[in-house]
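Subject: Structure for your review

Hi,

Here is the structure I promised to pass on.

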Amino acid sequence: MYKTLTFFTQLLNNHLKLSFKLNEEIVSLCTVNENGGQSPKNRVGISLVNIERETSGGIRFGQQAMGNTYSRKTAPSWQLNIYILISMLFSEKQYAESLRLFSGILSFIQKNYIVDLQETGSMITIEPVNLSFQEQSNLWSVNGGNYFPSVLCKLRLLTVDGQEVADLSALISSPGTNSEVKS
């Protein structure tokens, strides 16, 4: 999950630097109320809001043959969806500028709704999540009470698999070769 969030942060940073001719990185992983009520630092914040397990694919244990004599069984991998809040943490004086950057972020998400995680060889999808006014109010109340322009996104199907062996079993190569009935 950390690798996914840092990779996404780097992608968004690169996009904004190229699109808006910025010299410094402006996107960071942070909590929304990181400044303790002080004026924000004029940046884009990405915060982890929730994690949910995707159960639509079912649960499958990994079974692999190891040579001709053994097989190994691993714990089932988890398919996780993570919810991130992308917030424009800018001071009031920079509000118009933050909306200009926010438009660039929304365009980036719309164009890059499928992201190839090159390090892991897997892919995720990014989709905006609709919140009612009540849900949005609750979310911002938990995050310090001050609203900043933001979008809640779902990163779908992040796979977590430790590849830890749970069982090692002998394979049966041919039936009845080792047992003889004595009378």
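Leu 48 sits in strand E2, residues 43-53. Strands here are DSSP runs of E with at least two residues, helices are runs of H or I with at least four, and both are numbered from the N terminus. Leu 48 counts as partly exposed because its relative accessibility is 41%. The cut-offs are under 20% relative accessible area for buried and over 50% for exposed, with partly exposed in between (1.4 Å probe, protein chains only). Together with Met 1 and Ile 51, Leu 48 forms a nonpolar surface patch of about 250 Å² accessible area. A patch takes residues with over 30% relative accessible area and no salt bridge; nonpolar side chains (Val, Leu, Ile, Met, Phe, Trp, Tyr) are joined within 5 Å, like charges within 9 Å. Areas come from Shrake-Rupley with a 1.4 Å probe, and for residues only the protein chains shown count as cover.

A caution on provenance: this is a predicted model, where local features need pLDDT of at least 70, side-chain atom pairs count only at pLDDT 80 or more, and totals for chains, interfaces and linings use all residues. Residues are numbered from 1 along each chain as its sequence is written, and side-chain values use heavy atoms, with hydrogens and water left out.

**Overall layout**

The chain has 3 helices and 9 strands. From the N terminus, the order is α-β-β-β-β-β-α-β-β-α-β-β. Of the 183 residues, 32% are buried. The chain exposes about 12100 Å², and carbon and sulfur atoms supply 50% of that. Take the contacts (heavy atoms within 4.5 Å) between residues at least 6 apart in sequence: 71% of them join residues at least 24 apart.

**Salt bridges**

The whole structure holds 3 salt bridges. The criterion is a side-chain nitrogen of Lys or Arg within 4 Å of a carboxyl oxygen of Asp or Glu. Side chains of opposite charge can pair when their charged atoms come close.

One pairs Lys 154 with Glu 52, with the closest N and O atoms 3.3 Å apart. Lys 154 lies in strand E8 and Glu 52 in strand E2, so this pair ties together parts that are 102 residues apart in sequence. Glu 52 is partly exposed at 27% relative accessibility.

Another joins Arg 156 and Glu 127, at 3.2 Å from N to O. Arg 156 is in strand E8 and Glu 127 in strand E7 (residues 122-128), so parts 29 residues apart in sequence are tied together. Arg 156 is partly exposed at 24% relative accessibility. Glu 127 is partly exposed too, at 28%.

Arg 100 and Glu 97 also meet in a salt bridge, at 2.9 Å from N to O. They are 3 residues apart in helix H2 (residues 95-111), so about one helical turn separates them. Arg 100 is partly exposed, with a relative accessible area of 43%. Glu 97 is partly exposed at 28%.

**Around Lys 154**

Is Lys 154 buried or exposed? It counts as buried, because its relative accessibility is 10%. Its strand, E8, covers residues 150-160. The Lys 154 side chain also makes a polar contact with the side chain of Tyr 83, at 3.5 Å. Such a contact is a pair of N or O atoms within 3.5 Å; within protein, one must be able to donate a hydrogen and the other to accept it, and residues adjacent in sequence count only if both atoms are side-chain atoms. Leaving out residues up to four places away in sequence, Lys 154 touches Glu 52, Asn 81, Ile 82, Tyr 83, Thr 125, Ile 126, Glu 127 and Val 129.

Helix H1 spans residues 2-20, 19 residues in total. Its first and last C-alpha atoms are 27 Å apart, close to the 27 Å expected (1.5 Å times one less than the number of residues). Its buried residues include Leu 5, Phe 8, Leu 12 and Leu 16.

Most residues other than glycine have a negative phi. Lys 21, which follows H1, has a positive one near 55°. Lys 21 lies in the loop between H1 and strand E1 (27-29) and is exposed, at 72% relative accessible area.

Asn 42 also has a positive phi, near 55°. Its place is the loop between E1 and E2. Asn 42 is partly exposed, at 32%.

Best regards
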